[in-house]
Amino acid sequence: MMRSIALLLWMLVMTGTVVQAAEAPPAAGDPLVEQRLKALSHELRCLVCQNQSLADSNADLAVDLRNQVREQIVAGKSDAEIRAWLTARYGDFVLYRPPLKATTVLLWAGPVLLLIAALAGLFLTLRRRRRDAVAPALSEVERAHAEALLSTGSDPESR
Amino acid sequence: MNRFLIPLGVFIVLVVFLGIGLGLKPREVPSPLIDKPAPAFTLTRLDDPNLSVRAEDMRGQVWILNVWASWCVACLDEHPLLVEFSRQGLVPLYGLNYKDKPDDARAWLARHGNPYDVSVVDGDGRVGIDYGVYGVPETFVIDKQGVIRYKHIGPVTPEVLDGTIVPLIQRLQS
């Protein structure tokens, strides 16, 4: 058991290194700029390979966009300005954290609504179960049968 | 009764959402540039690097900007259609030669025919980014006021051309 867990951990570590190795190499430059670029581009979606971030993608367009973001960082633009620059061209789609808008309300409120619905369902089910769990009243015949059982210690009907 | 109706209801809702999801085209990201002024550019012409073209030069007429490249395989799909469309002479058709080598681009046009009134060179792809280009070919319809009215991502098909682009141009021209 321990060995298989160790093997699994080792495999996880190895996949981690492989993924890391595939990440696009950052161009040499001011480490502060590169750090900001990295943080920013991890939150931006690549449009060519849509399930990769701008930081992870090696697509031509991602390289170009990273270069432009780098230029803007060097030019002293704030992260918000750079995000606005990108969304003006590619829309909110590039943001992995979309802003709260009329069209994205369901996206943001959805998990909370689902949680509330699930809790309400759980509450109602539990309440119904507790109500049903109350011992049902015995009819006259059943009561007599039960008493006979208790007094003789055996079932009179099975004799 | 409820016992079966509730799971069935949930199941139906899931199926409906799945059905809607299957109909979506996740590769076609709606452009925020629709109904916005076309980004300005000044680019040199592919046929003569000494001449340049500005987006503002096109004011007062409806025109089409088609993003293409010689390395773009899908561009060949729409190419015959564009050649035929340009023969009608309905509107000026401008090409944005995106991240291409000018020699390759000229050779490509010589080989497959040149539908463009003018092609301009966007060698580093900066103007492409300004236009929100992420998948070549892309086609923009720009009105007389210089506002982008329509964008098509991917190769133009006869259905899109005859069903959407041409009627839109006729409406914008009148």
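Tutor: Gladly! Let's start with what counts as a helix: a DSSP run of H or I with at least four residues, numbered from the N terminus. Keep in mind that this is a predicted model.

Student: What makes the pattern of chain A α-α-α-α-α-α?

Tutor: Chain A has 6 helices and 0 strands, and reading along its sequence gives α-α-α-α-α-α.

Student: Why are H2 and H3 of chain A called oblique to each other?

Tutor: Look at the angle. The axes of helix H2 (residues 31-41) and helix H3 (residues 60-74) of chain A come within 10 Å and cross at roughly 130 degrees. Angles over 145 count as roughly antiparallel and those from 65 to 115 as roughly perpendicular, with oblique for the rest. H2(A) and H3(A) are therefore oblique. Their crossing is right-handed.

Student: Which residues make that contact?

Tutor: From H2(A) they are A:Val33, A:Arg36, A:Leu37, A:Leu40 and A:Ser41, and from H3(A) A:Arg66, A:Val69, A:Arg70, A:Ile73 and A:Val74. By class, this contact has 6 nonpolar, 1 polar and 3 charged residues.

Student: How do you know which parts of chain A touch chain B?

Tutor: Residues are in contact if their C-beta atoms lie within 7 Å. On that basis, 13 residues of chain A are in contact with 11 residues of chain B. On the chain A side, H3 and helix H4 (79-90) each give two or more residues. That side has 7 nonpolar, 4 polar and 2 charged residues.

Student: In chain B, what makes E5 and E7 edge strands?

Tutor: The open sheet of 5 strands has the order E5-E4-E3-E6-E7, with mixed pairing. Strand E5 (118-122) and strand E7 (148-153) each have a single partner strand, so one side of each is left without a neighbour in the sheet. From one strand to the next, the twist averages 20 degrees.

Student: How do you know that E3 and E6 of chain B pair?

Tutor: Pairing needs at least two bridges found by DSSP. Strand E3 (residues 63-68) and strand E6 (residues 138-142) of chain B are joined by 5 bridges, and they run antiparallel. To see this on screen, find B:Leu65, which stands opposite B:Phe140 in E6(B).

Student: And what packs on the sheet?

Tutor: Helix H5 (residues 158-173) of chain B does, touching E6 and E7 of chain B. The direction of H5 makes about 165 degrees with that of E7(B).

Methods: Residues numbered from 1 in each chain as written. Chains lettered and ligands numbered in written order. Predicted model: local features only at pLDDT ≥ 70, side-chain atom pairs only at ≥ 80, totals over all residues. Axes fitted to C-alpha atoms, helices over the stretch in contact; angles between N-to-C directions. Parallel < 35°, antiparallel > 145°, perpendicular 65-115°, else oblique. Left-handed = near helix turned anticlockwise from the far one by under 90°. Contact = placed C-beta atoms within 7 Å. Nonpolar A, V, L, I, M, F, W, Y, C, P; charged D, E, K, R; others polar.
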